[in-house]
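Here is a short briefing on a protein chain, written to be read with the model open beside it. Grab your viewer and let's walk through it together.

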Amino acid sequence: MKITNDIIYIGVNDHEIDLFEGQYIVPNGMAYNSYAIIDEKIAIMDTVDARFTEQWLDNISKALDGKAPDYLVVQHMEPDHSANIRNFVEKYPEAKIVSSAKAFNMMKNFFGTDFAEKQVVVGEGSKLNLGKHELTFVTAPMVHWPEVIVTYDALDKVLFSADGFGKFGALDIEEEWDCEARRYYIGIVGKYGAQVQALLKKAAGLEIEKICPLHGPVLTENLGHYINLYDIWSSYRPEDEGVLIAYTSIYGNTKKAVMYLEEQLNKLGAQNVNVVDLARCDMAEAVEDAFRYSKLVLATTTYNGDIFPFMREFIEHLTERNFQNRTVAFIENGSWAPMAAKVMKGMLEKSKNIVYAENNVKIMSAMNDENKAQLEALAKELCTECKEKACEVATGEGEKYACGICGWTYDEAVGIPELGVPAGTKFECLPADFRCPLCKVGKEHFKKA
């Protein structure tokens, strides 16, 4: 697969793996990406997982058509990208290894040698001339290991981004990028938002037309979308207005309260209400959604004077990834000495900019009428705040919706001032009885333009 005239994809797909990094479910497999830059001198960008040695070396041979590479650029030392360094050196003994000083130290740990006679040590701003192509190296410490570098090819305007902009999933499976890239980022890189922000600032000074990550597809179009998501994720801002209700329930009573809250939120028109049973869900998906949405409701039982184990695990996943800038509410259940809300709040005490809901719910064994009133009040609090934010569109921005009958278009950025609809009003926030100004049909006849 050609990326540009001179850059060829030589990576592999892995459909044998069940857990990536020993913990992340990957139903669509993984891709271990590697690239060949063919010029007067030839550079190979990274290796692949140890289980695919022969396939990767065959891919190099086919791409180079009998030529020998001059350099192996090692951007990241995690074994799924570095396992074949020794095998590469044995097949191409004249080639040099280009990497950071910290990476060479790690090579000694992994292979018993730092390949001293082959080293080309690079750091911030170092350059490597291949002929027409000149590679510039940018340090990216703790994105997400300390030795990481990324590489910019000025000729083809390609950023080789190491694990940045990667995703779960093999390349021979068609799927939406955002969801599995979000789960990958939050799970693996999420702790290091400040370091990702620093790298984004460096990348902003480069003219980038393609991004070649070590996992997932090469990004060639609408790069602003991907960069914007990385900016949101790494600054810990909510991606979407919405409510995640994460719960555990032993005998079903806490679950009943959660279902009642979900029902009330839906009645009030809340958007993006998601419910997860932490004992049965993919924990990484639940963590992903907690970072995606603006509101989080934690519902669990008091258990051994603490909280139910799956809830404790969930909150620990959040805090170790710097969970912040969210609204949080609690539902606790306990038959004689409820402690869950206190414990959960204590676990979040170091999280920054957490706004706690005024309405929280304490259940003594089973939900009663008082609890229902508390849940209704909580739903109103969460829904009011969601709607206030969800109905706002930044000045000059917004979607357009066209009437399927007459073609009249509603522009969120403009609104309909003559009908009392101010500029910046989202389509879904128009009154339920809104009708097309021209043909008078209802909202159900409109589609996003």
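This is a predicted model: local features need pLDDT of at least 70, side-chain atom pairs count only at pLDDT 80 or more; totals for chains, interfaces and linings use all residues.

The protein chain has 449 residues, and 53% of them are buried. Its secondary structure comprises twelve helices and 25 strands.

**The chain as a whole**

- Taken along the principal axes, the C-alpha atoms fill a box of roughly 80 × 65 × 35 Å.
- Looking at contacts with a separation of 6 or more, 67% are between residues 24 or more positions apart.
- The chain exposes about 20100 Å², and carbon and sulfur atoms supply 49% of that area.
- On the charge side, there are 47 positive and 67 negative side chains, and the centres of these two sets lie 3 Å apart.

**The second largest pocket**

- The second largest pocket holds about 340 Å³ of space.
- Its lining consists of 17 residues, and those closest to its centre are Thr-301, Thr-302, Asn-333, Gly-334 and Ser-335.
- Two elements give two or more residues to this lining: helix H8 (253-267) and strand E18 (293-303).
- Strand E18 gives the most to the lining of this pocket, with three residues.

**Asn-333, a residue of the pocket lining**

- Asn-333 is found in strand E20 and is one of the residues closest to the centre of the second largest pocket.
- Is Asn-333 buried or exposed? Asn-333 has a relative accessible area of 5%, under the 20% cut-off, so it counts as buried.
- Leaving aside neighbours within four places in sequence, Asn-333 is in contact with Asn-253, Thr-254, Thr-300, Thr-301, Thr-302, Ile-363, Met-364 and Ser-365.
- Among these contacts, Thr-301 and Thr-302 are also listed with the residues closest to the centre of the second largest pocket.

**The enclosed cavity**

- Rolling a probe the size of a water molecule over the atoms shows where empty space is left.
- The count comes to one cavity of 30 Å³ or more, and the largest cavity has a volume of about 40 Å³.
- Which residues line the largest cavity? They are Arg-182, Ile-186, Ile-232, Trp-233, Tyr-236, Arg-237, Glu-288, Phe-291, Arg-292 and Arg-326.
- Helix H5 (177-189), helix H7 (223-234) and helix H9 (283-292) are the elements that give two or more residues to that lining.
- Helix H9 gives the most to the lining of the largest cavity, with three residues.

- Why is helix H5 described as largely enclosed by the rest of the structure? Twelve of the 13 residues of H5 are buried, so the helix is largely enclosed.
- The buried residues of H5 include Trp-177, Asp-178, Tyr-184 and Tyr-185.
- The buried residues of H5 pack against strand E3 (19-20), strand E4 (24-25), helix H6 (193-203), H7 and H9.

**Backbone details to look up**

- A cis peptide bond joins Val-143 and His-144, with omega at about 5°.
- His-144 is found in the loop between strand E12 (134-139) and strand E13 (149-153).
- Asn-304 is a residue other than glycine with a positive phi, near 55°.
- Asn-304 is found in the loop between E18 and strand E19 (306-307), and with a relative accessible area of 74% it is exposed.
- Asn-322 also has a positive phi, near 65°, and lies in the loop between helix H10 (309-320) and strand E20 (326-333).
- The relative accessibility of Asn-322 is 30%, and this residue counts as partly exposed.

- Gly-125 has its place in the loop between strand E10 (119-121) and strand E11 (127-129).
- At 38% relative accessibility, which is between the 20% and 50% cut-offs, Gly-125 counts as partly exposed.
- Not counting residues up to four places away in sequence, Gly-125 touches Thr-136 and Phe-137.
- Gly-125 and Thr-151 are 26 residues apart along the chain, and their C-alpha atoms are separated by 9.7 Å.

Terms used
Residues are numbered from 1 along each chain as its sequence is written. Side-chain values use heavy atoms; hydrogens and water are left out. Helices (H or I, at least four residues) and strands (E, at least two) are DSSP runs, numbered from the N terminus. Buried means under 20% relative accessible area, exposed over 50%, partly exposed in between (1.4 Å probe, protein chains only). Contact means heavy atoms within 4.5 Å. Accessible areas come from the Shrake-Rupley method with a 1.4 Å probe; for residues, only the protein chains shown count as cover. Lys and Arg count as positive and Asp and Glu as negative; His and the chain ends are not counted. The place of a charge is taken as NZ of Lys, CZ of Arg, CG of Asp or CD of Glu. On a 1 Å grid over the protein atoms alone, a cavity is a set of points where a 1.4 Å probe fits but cannot get out, and a pocket is an open set with protein on both sides within 12 Å along at least five of seven lines; lining residues have an atom within 4 Å of a point. Grid points are joined across faces, edges and corners, and a volume is the space filled by probe spheres set on the points.
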